[in-house]
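Please read the points below alongside the model.

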Amino acid sequence: LAASLIEAGDIVFINSGTTATQVLQHIRKDPSITIFTNNVNAALELGDPGFHYCLIGGEFQSRSNSLAGRFAMENLGQIYANKAFLGVDGISAKHGCTVPTDPEAEVVRRMIERTKGQIIVVADHSKWGVVSNFQVASIDEVDKLISDDGLASSAIESLAAHGVSCLLASTPSSPA
């Protein structure tokens, strides 16, 4: 669902994490799409994806399998994206979007700062109400949340009250 929002000609930021990696794996083949990411899994798993992608460089972060630090920040400072797809470890109305490490938080904040268009958070329903260690965005900075159909209606209502639209991907039913 998230990958379907990436259009021809888009320049997109995508951070690290398992959900962000899933977005990267589902982007359609289109050489006019450019992805900038700190997600090392992208380089390891994508091969030749049929779109242009660039690792932003930086210091390897083993905990998140990502790139961060001074080089990453300097490189991001030279790019403007028209969309950002951000995986987070927690999202709540009160505490916003959070991630577990400060280096990852710095990268995500810079991605948000350098995005001219929509900030789209991708997080399954289990991340709602969770607060990790470092805030990357207040809830008011998020335009859309893409989650699964397990997200509670109360969460959807809370997000809507903050101007965040929710798109829900259906999940396969478990066998009886």
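Which strands does H4 lie across, and at about what angle does H4 run to S10? H4 lies across S8 and S10, and runs at about 10° to S10. Axes here are lines fitted to C-alpha atoms, for helices over the stretch in contact, with angles from 0 to 180 degrees between N-to-C directions.

1. Basis. This is a predicted model, in which local features need pLDDT of at least 70 and side-chain atom pairs count only at pLDDT 80 or more, while totals for chains, interfaces and linings use all residues. Residues are numbered from 1 along each chain as its sequence is written, and side-chain values use heavy atoms, with hydrogens and water left out. Helices (H or I, at least four residues) and strands (E, at least two) are DSSP runs, numbered from the N terminus.

2. Helix H4. Buried residues of H4 are Glu-104, Ala-105, Val-107, Val-108, Met-111 and Ile-112. These residues lie on the same side of H4, because they cover an arc of only 165° around the axis. Buried means under 20% relative accessible area, exposed over 50%, and partly exposed in between (1.4 Å probe, protein chains only); the arc is that of the directions from the helix axis to the C-beta atoms.

3. Start of H4. A side-chain oxygen of Thr-101 comes to within 3.4 Å of the backbone nitrogen of Glu-104. A polar contact is a pair of N or O atoms within 3.5 Å; within protein, one must be able to donate a hydrogen and the other to accept it, and residues adjacent in sequence count only if both atoms are side-chain atoms.

4. The open sheet. Three strands form an open sheet in the order S7-S8-S10, with antiparallel pairing. S7 (90–92) and S10 (134–137) are at the edges with a single partner strand each, so one side of each has no neighbour in the sheet. On average, neighbouring strands of this sheet are turned by 35° against each other, direction ignored. Three bridges link S8 (residues 96–99) and S10, where Thr-98 has Gln-135 as its bridge partner. Strands count as paired if DSSP finds at least two bridges between them.

5. Strand S6. Six of the seven residues of S6 (residues 81–87) are buried, so this strand is largely enclosed by the rest of the structure. S6 pairs with S1 in the parallel sense over three bridges, and Phe-85 is the bridge partner of Ile-14. S6 and S9 also run parallel, joined by six bridges; Ala-81 stands opposite Thr-115 in S9.

6. Helix H1. In H1 (residues 18–25), Ala-20, Thr-21, Val-23 and Leu-24 are buried. Their arc around the axis is only 155°, which puts them on the same side of H1. The cover over the buried residues includes S1 (11–14), S2 (34–37), H2 (40–46) and S9 (115–122).

7. Two residues. Ala-93, in the loop between S7 and S8, counts as partly exposed at 24% relative accessibility. Beyond four places in sequence, Ala-93 touches Trp-128, Ile-139, Ser-158 and His-162, contact meaning heavy atoms within 4.5 Å. Thr-34 lies in S2 and is buried, with a relative accessible area of 15%. Leaving aside neighbours within four places in sequence, Thr-34 is in contact with Asp-10, Ile-11, Val-12 and His-52.
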